[in-house]
Amino acid sequence: MLYGSPRVVSDVMTHTAVAVGRDAPFKDIVTLMQQWKVSALPVLAGEGRVVGVVSEADLLPKEEFRDSDPDRFTQMRRLADLAKAGGLTAADVMSAPAVTVHPDATLAEAARIMAQRKVKRLPVVNSEGLLEGVVSRGDLLRVFLRPDEEIAEEVDRDIVPFLFPAPSQPVRVAVSDGVVTLTGPFRDTSLVPVANRLVRAVEGVVAAECRVERDGPRETVAATQP
């Protein structure tokens, strides 16, 4: 792996994904969600091509409108939800086209898609649209469970010698709750932004900071960056 190479979706995704076909009955979808403790299921067609996703939000209109008689304004405003309320199969209630991600997408890219599209899980598909797995918010956050000691060891082994070979004084690495601090002379301060970027790319790093030691008081350069 190159210095600072980001982790990708295939590193953290669940490879064994639960999915349903277009003709899956409404009740079977609910049962699968309960059994597997998931909030959404990919909907497949053919040999495994993802054509949609059915989520809890897609299923709720059936309960919401079960014993109600919506007025004309509500009917016009909630037309799609009313259609889902009458749905019997996955094809009737799914959201399509599916919001998906490729296995070689970075974790940051997957997180951005989830935030922008307001979804909790993403089907992972190959170049032909075939399902390869599922990645969830929890999968993306697992990288931050890495121990501080492991993070410090990687930064000290792979990044410090690469950027600061044979310094007059050693560059010290400290990690606390995922926040990495590099302390040293840093004679070439133009490398500080590079160091911050490479450190932030290390798995489990929450933020990075470089502290420059001079003859006078210590100076913090490029303060903590998330």
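**Strand pairing, loops and local geometry in the predicted model**

In the hairpin formed by β6 and β7, two residues lie between the strands, and D177 takes a positive phi near 55 degrees. The model is a predicted one, in which local features need pLDDT of at least 70 and side-chain atom pairs count only at pLDDT 80 or more, whereas totals for chains, interfaces and linings use all residues. Residues are numbered from 1 along each chain as its sequence is written, and side-chain values use heavy atoms, with hydrogens and water left out. Helices (H or I, at least four residues) and strands (E, at least two) are DSSP runs, numbered from the N terminus.

D177 is placed in the loop between β6 (172–176) and β7 (179–184). The relative accessibility of D177 is 66%, which counts as exposed; buried means under 20% relative accessible area, exposed over 50%, and partly exposed in between, for a 1.4 Å probe and protein chains only.

On β7, five of the six residues are buried, so the strand is largely enclosed by the rest of the structure. Strand β7 is also joined by six bridges to strand β8 (residues 207–212), and these two strands run parallel. The bridge partner of V179 in β8 is A207. Together, β7, helix α10 (residues 192–200) and β8 make a right-handed β-α-β unit; a crossover is right-handed if, with the strands pointing away from the viewer, the path from the first strand over the helix to the second runs clockwise. A208 is found in strand β8 and is buried, with a relative accessible area of 1%. The C-alpha atoms of A208 and L198 are 9.2 Å apart in space, and the two residues are 10 apart in sequence.

A second hairpin is formed by β4 and β5, with five residues between them, and G129 in its turn has a positive phi of about 85 degrees. Strand β4 (residues 121–125) and strand β5 (residues 131–136) are described as follows. Antiparallel pairing of β4 with β5 extends over five bridges, and P123 stands opposite V134 in β5. Four of the five residues of β4 are buried, so this strand is largely enclosed by the rest of the structure.

An open sheet of three strands has the order β1-β2-β3 and mixed pairing. The edge strands are β1 (20–21) and β3 (49–55), each of which pairs on one side only. Strands β1 and β2 run parallel and are joined by two bridges; the bridge partner of G21 in β2 is L44. Helix α2 lies across β1, β2 and β3 and runs at about 130 degrees to β2. Axes are lines fitted to C-alpha atoms, for helices over the stretch in contact, and angles run from 0 to 180 degrees between N-to-C directions. Contact means heavy atoms within 4.5 Å.

The loop between α2 (26–36) and β2 (40–45) contains K37, and S39 lies in this loop between α2 and β2 as well. K37 has a positive phi of about 55 degrees although it is not a glycine. K37 is exposed, with a relative accessible area of 74%, whereas S39, at 19% relative accessibility, counts as buried. With residues up to four places away in sequence not counted, S39 touches M33, S55, E56, K120 and R121.

A cis peptide bond runs from A96 to P97, with omega near -5 degrees. P97 lies in the loop between α6 (90–93) and α7 (107–117).

Among side-chain arrangements, K62 lies over the face of F26, at 4.9 Å from the ring centre. A charge sits over a ring if NZ of Lys or CZ of Arg is within 6 Å of the ring centre and within 35 degrees of the ring normal.

Methods:
Two strands pair if DSSP finds at least two bridges between them.
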